[in-house]
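Open the model in your viewer and keep the selection tool at hand. The stops below go from one selection to the next.

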Amino acid sequence: MPKKIIAIVGPKGGIGKSTISANLAIAIAATGKKTIAVDLDLGGANLHVILGVRSYEYSLDDFVLKHIKTLDKALIETNVPNLKLICGGSKIPDIANMAFQQKVKLIGHISKLDCDVVILDLAAGSAFNVVDFLFIAQVGLLVTSPEVTSLMKAYGFIKTAIFRLLSFHFKQRHTELFMELLEKAKDVDANPALNTIEKFLKEAEKIDAELVESARKKIARFTPSFVINMVQSARDINTGMVIQNLVKQYTNLNTRVMMTLPSDEAVKRALFKTKPVLLSEPMSPFSIAIKELAYKCMNTG
Ligand SMILES: Nc1ncnc2c1ncn2[C@@H]1O[C@H](COP(=O)(O)OP(=O)(O)OP(=O)(O)O)[C@@H](O)[C@H]1O
Ligand SMILES: [Mg+2]
């Protein structure tokens, strides 16, 4: 059973989730921890490419299609000591469209992998199936770039995650009444009186104050961290404050920016050489920042 699961999510494509997953996995493995990186981006699996793995026998395809009975059969050795990989494959539908039972089974097998740390590289977007992997992780990293569009999507991701959490929680009692209220709260324009989570919870208390109290506790435990990637200037670094404030204002959640990672040509050079940047240019600004991120992840959650 892994001691720590780190999920890398991000609502936007092409912002560095896989690059961060691969290099973070190497940095953690280098500290002596038995690490497994899992490519859950089934439609666009490329973690093996970034890690320089050329061929593999089994992937998640084979697990989902029941060619192999257990997920550990899909483990592949990498060139990095302590680091194994599970490839994403390409024959099965995207994780966003994975059937509920399949997802539950996959989560069960991930939770039983024999290692210290599991790193999950997830597909772009905020589909429920992606969000759910965040809930099984002790450390959730929400990757965004400093652009406003990307920040707004990150904020939307947090909102989706909280709605997901609440809709599960309110399955216990008075489900219909709570779901009706949740649906209203999702439509902020039509229902401005419910436009923050706090306003929603106040209204929900009228249905069942006790259940709302336990929901508050669950929300308080949900603490994803932002990682802002491809930062170019000091102004970019400040965008972290913008997203933190936005999330605080709407959800009352205290999120934090765990790390800002610089835009670094070494990352592109590494991709070209099919050798991870942490190994090809360990002293590049990106590699140094990833090592710091690895340290922070291991000391969080
Ligand atoms: N800090 C960085 N500096 C320079 N280039 C970067 C940086 N981070 C990522 N890139 C580049 O950006 C591109 C997209 O990166 P990556 O594939 O990791 O993103 P992703 O979020 O996983 O994308 P997708 O949503 O398609 O899975 C790659 O070409 C990668 O080399
Ligand atoms: Mg990716």
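Two residues count as being in contact if their C-beta atoms, placed from the backbone, lie within 7 Å. Angles are taken between N-to-C directions and run from 0 to 180 degrees. The model is predicted.

**Whole chain.** Colour 4-144 together with 264-298 as domain 1, and 158-218 as domain 2. The C-alpha centres of these domains are 33 Å apart.

**The sheet.** Select the eight strands of the open sheet, which follow the order E3-E4-E2-E5-E1-E6-E7-E8 with mixed pairing. Strand E3 (76-77) and strand E8 (256-262) are the edges; each has a single partner strand, so one side of each lacks a neighbour in the sheet. At the E8 end, E7 and E8 run parallel and are joined by five bridges, with Ile 228 opposite Thr 260 in E8.

**Helices on the sheet.** Next select H1, which lies across strand E1 (4-9), E2, E4, E5, strand E6 (139-144) and E7. The direction of H1 is at about 170° to E5.

**Strand E2.** Select residues 35-39 and show side chains. Five of the five residues in this strand are buried. Side chains in a regular strand alternate between the two faces of the sheet. In E2, Thr 35, Ala 37 and Asp 39 point one way, while Ile 36 and Val 38 point the other way. Which strands pair with E2? Strand E4 (residues 83-86) runs parallel to E2 and is joined to E2 by four bridges; strand E5 (residues 117-121) is also parallel to E2, over five bridges. Centre on Ile 36 to see both pairings: its bridge partner in E4 is Lys 84, and Val 118 stands opposite in E5.

**Asp 41.** Move on to the loop between E2 and helix H2 (47-50), where Asp 41 is found. Is Asp 41 buried or exposed? Asp 41 has 24 other C-beta atoms within 10 Å, so the residue is buried. Its contacts beyond four places in sequence are Ser 18, Gly 88, Asp 121, Leu 122 and Ala 123. Leu 122 is 81 residues from Asp 41 along the chain, yet their C-alpha atoms are separated by 5.0 Å.

**Ligand 1.** Finish by selecting ligand 1 and the 20 residues that surround it. The closest are Gly 13, Gly 16, Lys 17, Ser 18 and Thr 19. Helix H1 (17-29), strand E7 (225-231) and helix H10 (265-273) each give at least two residues to this shell. By class, the shell has seven nonpolar, nine polar and four charged residues.

Methods:
Residues numbered from 1 in each chain as written. Chains lettered and ligands numbered in written order. Predicted model: local features only at pLDDT ≥ 70, side-chain atom pairs only at ≥ 80, totals over all residues. Domains from an automatic or database assignment. Near = placed C-beta within 6 Å. Nonpolar A, V, L, I, M, F, W, Y, C, P; charged D, E, K, R; others polar. Buried ≥ 20, exposed ≤ 12 C-beta atoms within 10 Å, placed from the backbone. Pairing = 2+ DSSP bridges.
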